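Please read the points below with the model open beside you.

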Amino acid sequence: MSMTWQSSLLDLGTEPAPGDLGSSLRRTTLGRGAWLDVAPGWLAGADVLFERLADAVPWRAERRQMYDRVVDVPRLLCFYGAGDALPDPVLDAARRALSAHYRAELGEEFATAGLCLYRDGRDSVAWHGDTIGRGAAEDTMVAIVSLGTPRPLLLRPRGGGPAVRHDVGHGDLIVMGGSCQRTWEHAVPKTARPVGPRISVQFRPPGVR
């Protein structure tokens, strides 16, 4: 897939690989049993990986029922279930590293990978929590690795309230944990500003979507 975008000069020629999680994570308690871990630039060589995934992943467009009409989903998608081969070995390494670090707290390993391609500022995801499956009733974790151009990831308490903003891209890692999927919502809003593409990789435990 051919795209025009501005890569990071710090990433040029760097072989993609996940970094250390022990010292790089910053945890924020959101309240209502939810928390957020952030590790800026966790995945080295993220722009190289962006280009590989943009070409290798079989991206697809989807349409969904929205009230009384069917609309285009404003981003491209690809989902890899538990046991599916991931499109790049770096994603396997990232999933192993996340599982090893969070296994004691999560009680299980990350198993699936959902990929979203935000082509420009017109692509977005509305306010939601990952509550299809066990996330609707159980504490869980969703780990997001962002590649490409930074975009705002917003979080707010479910039902409304002040939003927390993180601009994520170029290998940044965000992990939403505890009750976050049930008691908070997250979104990537549209923007009228010129903005390059971003790939979001979401690692989840089995039965969480």
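**Notes on salt bridges, a buried arginine and a pocket**

1. The side chains of Asp-120 and Arg-122 form a salt bridge with an N to O distance of 2.6 Å. A salt bridge here is a side-chain nitrogen of Lys or Arg within 4 Å of a carboxyl oxygen of Asp or Glu. Arg-122 is exposed, its relative accessible area being 62%. For this term, buried means under 20% relative accessible area, exposed over 50%, and partly exposed in between, with a 1.4 Å probe and protein chains only.

2. The model is predicted: local features need pLDDT of at least 70 and side-chain atom pairs count only at pLDDT 80 or more, while totals for chains, interfaces and linings use all residues. Residues are numbered from 1 along each chain as its sequence is written, and side-chain values use heavy atoms, with hydrogens and water left out.

3. Over the whole structure, 16 salt bridges are found. One of them pairs Arg-52 with Glu-15 at 3.7 Å, N to O. This pair links distant parts of the chain, 37 residues apart: Arg-52 is in helix α1 (residues 46-56), and Glu-15 is in the segment before β1 (17-18). Helices (H or I, at least four residues) and strands (E, at least two) are DSSP runs, numbered from the N terminus. Arg-52 is partly exposed at 29% relative accessible area, whereas Glu-15 is exposed at 56%.

4. Asp-92 and Arg-95 also meet in a salt bridge, at 3.6 Å, N to O. Both lie in helix α2 (residues 89-106), three residues apart, about one turn of the helix. Asp-92 is partly exposed, with 24% relative accessible area, and Arg-95 is buried, with 15%.

5. Arg-204 is in strand β15 and is buried, with a relative accessible area of 8%. Its side chain makes a polar contact of 3.0 Å with that of Asp-130 and another of 3.4 Å with that of Gln-202. A polar contact is a pair of N or O atoms within 3.5 Å; within protein, one must be able to donate a hydrogen and the other to accept it, and residues adjacent in sequence count only if both atoms are side-chain atoms.

6. How is the lining of the largest pocket divided by class? It has 20 nonpolar, nine polar and 10 charged residues. Ala, Val, Leu, Ile, Met, Phe, Trp, Tyr, Cys and Pro count as nonpolar, Asp, Glu, Lys and Arg as charged, and the others, Gly among them, as polar.
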